[in-house]
Amino acid sequence: MNLAYRDTKHNLLRFILTCFGLSLLLGIVITMTGIYRGALDDALRLVRATSPDLWVVEAGTNGPFAESSRIAGDTREMVARIYGVERAGSVTYQSAQTKIGNLPLRLFIVGFELDRPGGPRRLVAGREIMRNHYEMIADRSAGLALGEEVPLGTRGHKFTVVGLTQNELTSAGDPVAYVTLLDAQALQFELAPPITRREASRGGASVNSDLVNAVVAKISPYVSVNDVAAAVSRWKHLSALSQEQQETLVTRFVIEKQRKQIALFTVLLVIVSAVIIALIVYTLTMDKLRSIATLKLIGASDRTIIGLIVQQALSMGVCGFLIGLALVATFRGYFPRRVILVPDDIAILFAIVVVVCLAASSLGVRIAVKVDPATALGG
Amino acid sequence: MITKANEQAPLVRIENVSKHFGTGDTRVDALRNVSLEIYPRQVVALLGPSGSGKTTLLNCIGCILEPNSGRITLDGELVYDGRWLRSDLRRLRLEKIGFIFQFHNLLPFLDSTDNVAVALDLAGVNAKTARARAVELLDYLEVGHRKHAMPSKLSGGEAQRVAIARALANRPRIILADEPTAALDSHRSGIVMDLLRKVAIDQDAAIIAVTHDDKIFDRFDHIFQLRDGRLERDVSTNSDRSLGSKTFSDITV
C-alpha cells in the first residue's frame, strides 16, 4: 500500500496547488537557463551568420563583437588578394534606434556587400537585397512586415523591408537587420546635414566614411586558415581571428557577465526552491505527526515512514518541475527574449530538483523518525 | 502483585517492573515493582489518577517504553529482563499486540477497509488478502456497511469499531486500549465494551484498557488501581463474571 499516494490523493487539491506554486518557481529556473542558452545562441548566430573562416579586424583588437574595430574600406581588396582566400566581404555592425509610428524600435544593423560573404544566411520570407540603397532584410522579431518602411539615420532615409529572417538576434535580444554596406557606412559615419555645414564653414576636413568594422573571408579548403591569418598579420594595422577564436571571444567575454548574472539568479532560485520545498515538507510532516505515531505504534518501520515523506517531496518536486517545464515550453514564445530549452540543461536541472527534494525532505524525515510512537496514545 | 498460578499460561506477565523518569530531585517513580498477570479472555482495566503510572504501564507492556528493571513476558515469550531481549520491537508489536486509541487514530487518508488493511500490509500480507481480511473484520464488528467510508465520514462509534478491527488485523492476543470509550457517549461506550469482550472470547485474547470512564466499570473482569506507581488493589466488584477458564475469584491482588 503506497501511503504517500493515498495521502496525496486524499489532499489532491492541496497537492495540485502546491505543485502549481512550485512549478512557477521552477519554471523561472528553467527560463533562466533558457534565456542564457538563447543569449548564447543569438550571439553565436550573428557570428555564424556569414560562417566565414577568417575575421580580419583592426590590429590589437578583438573586434568587431568583443570590442570596436575600424579598418579602411579597401582592406577587402587587400585580403582578397592573399593566397588561399576564395571570397572576402566587408562588414559593419552598429545599433540603431528608430520609431515605427509611436513605437520605438531597436535594431542591430549589419552592413554587407551584395554577393559577398557577410549577408544573412537564410530568408524565411521575401527576397534578397537587390538595390544598392534603402532596402533592408530584418528579423521577424522586429515585428516588421514586407514592404514596410523604416526610417533610419540622421538624414531620415526610409528603408523598405524586402526580406525577413528568423531568430537572428544579438546577445542583447535586439533583432538584426541587414542593409547594404554603402547604406550602413552612411548610417554609421555620415554626419547630420547641420553638422556637415558647420564643419565645412570652419574649414574642417571632410569625414572619411569609407571605413568598415571587419572583413570576413572564406578560405580555400586546400589552404591552412592559420597560414592566411599569418599573412594578414604581416600588415601591422590588421589582425586576423579564426571563426573558432571569434566564437570563443563571444562566448567567453561578450556574454560572460550575462552568464554569471543568470547563473547567480539560477542558484538563488534553486536555494529559494529548496527552502520552500523544505517548508512544505515540514508542514506536511507536522500535519501528519499523529498518523506517523500511529503507524509506528502499529508496527510501521522507519523505512515506511521515510518513504512516505520522501515520496511526497519527490512527487511534489517532479510534478512541479514537469508543470513548470510545460508552462515554459508553452509560453516561451511570448517572452521578450529567446528562450532555448536544451535537453542536457533540462536533465541537469531535473537532477538538481531531485537532489534538492531529497535534501529538503531531510528535515521532515528527521522529525518523522524522532516521533515517539507513544504519542499516539493519550489525548 | 502476581495473579495466582493457573492451568492456562498468562498472556501478559509483569514481574517487579519499575520505571522512573529524571534523576535526583526531579526523579519521578512512575512504576514501582509492579507485578501482574493477565490471562486469555480477560478484559481488565487500569484505573488511577493522572500521573499514577497507568499509561506508563501500558507503554511498557506495549514495548514502546523501556522499564528500568523487572521482567515482561508476552504470550509466553520473555521480552524484557533488565533489557529488551528482542531488537525488533516493531515486529514484536506487529505480531503480538493490537492498539486501540482514545480518539481512534484512524489514518485520515485511508478508507475504513484500508485503515484495517494497513496493519496487515505492514506485516507483509499481500494486498488482496489484506483487504479480504479487513472486510471480514469490519463485518465481524458490524461496521462492514461503512467499509468504503473515510474516517471523517464515520460516527465516533463507527470509527472506534474500525480502530478495533485494525487492532485485530494481525490476530494479536494482547490488545491494549487507551481510554477506548472516552470520546463516546454511554450507549456507544457500552457497545464498544461488549465488542471488546466478544473479541476477548472469540480470539482467546487479553484486553487491557486504561480508563476513567465509570460508566463501563461493570464491563471489566478486573479493575486494577494504580497510585503513585504502585498497583494497589483490584477494585473490581464483578467477581462472578464468567471468564472462560478463569474467574475473578482466581485473582489474588
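## Reading a two-chain model

Buried residues make up 41% of the 379 residues in chain A.

Me: Before I read anything else, what kind of model is this, and how many helices and strands does chain A have?

Reply: This is a predicted model, and local features are considered where pLDDT is at least 70. Within it, chain A has 11 helices and 12 strands, while the secondary structure of chain B comes to six helices and 10 strands. For chain B, buried residues make up 53% of its 253 residues.

Me: Which domains does the assignment give for chain A, and what separation do their centres have?

Reply: The assignment gives domain 1, made of 3–43 and 257–376, and domain 2, made of 45–250. Taken over C-alpha atoms, the centres of these two domains of chain A are separated by 47 Å. Their contact takes eight residues from domain 1 and nine residues from domain 2. On the domain 1 side, the largest share, four residues, comes from α2(A), and by class that side has three nonpolar, one polar and four charged residues.

Me: Which residues have the most contacts inside the largest nonpolar core?

Reply: A nonpolar core is a set of buried nonpolar residues joined through C-beta atoms within 7 Å. Here the largest one has 175 residues, and those with the most contacts inside it include V56(A), M136(A) and A177(A) as well as A165(B) and I207(B). Helix α2 of chain A, residues 12–49, gives the most to this core, with 13 residues, and the core draws at least three residues from each of domain 1 and domain 2 of chain A. To look at one member, take M136(A): leaving aside neighbours within four places in sequence, its contacts include V150(A), F159(A), A177(A) and Y178(A).

Me: How many residues of each chain take part in the contact between chain A and chain B?

Reply: The size of an interface is often given as the accessible area lost when the parts come together. Counted by residues in this model, 19 residues of chain A are in contact with 26 residues of chain B. On the chain A side, α1 (3–10) and α9 (289–297) each supply at least two residues, and α9(A) gives the most, with four residues. By class, that side has eight nonpolar, eight polar and three charged residues.

Me: Is helix α3 of chain B mostly covered or mostly open, and what covers its buried residues?

Reply: Helix α3(B), residues 112–122, is mostly covered, with 11 of its 11 residues buried. Among the buried residues are D114(B), V116(B) and L120(B), and what covers them includes α10 (302–331) of chain A together with α2, α4 and α5 of chain B. The helix is followed by G124(B), whose phi is positive, near 95°.

Me: How do strands β1 and β2 of chain B run, and how many bridges join them?

Reply: In a regular strand the side chains alternate between the two faces of the sheet. In chain B, β1 (residues 12–21) and β2 (residues 28–38) run antiparallel and are joined by seven bridges. H20(B) stands opposite D29(B) in β2(B). Their hairpin has six residues between the strands, and in it G22(B) takes a positive phi near 75°.

Notes
Residues numbered from 1 in each chain as written. Chains lettered and ligands numbered in written order. Predicted model: local features only at pLDDT ≥ 70, side-chain atom pairs only at ≥ 80, totals over all residues. Contact = placed C-beta atoms within 7 Å. Nonpolar A, V, L, I, M, F, W, Y, C, P; charged D, E, K, R; others polar. Buried ≥ 20, exposed ≤ 12 C-beta atoms within 10 Å, placed from the backbone. Domains from an automatic or database assignment. Pairing = 2+ DSSP bridges.
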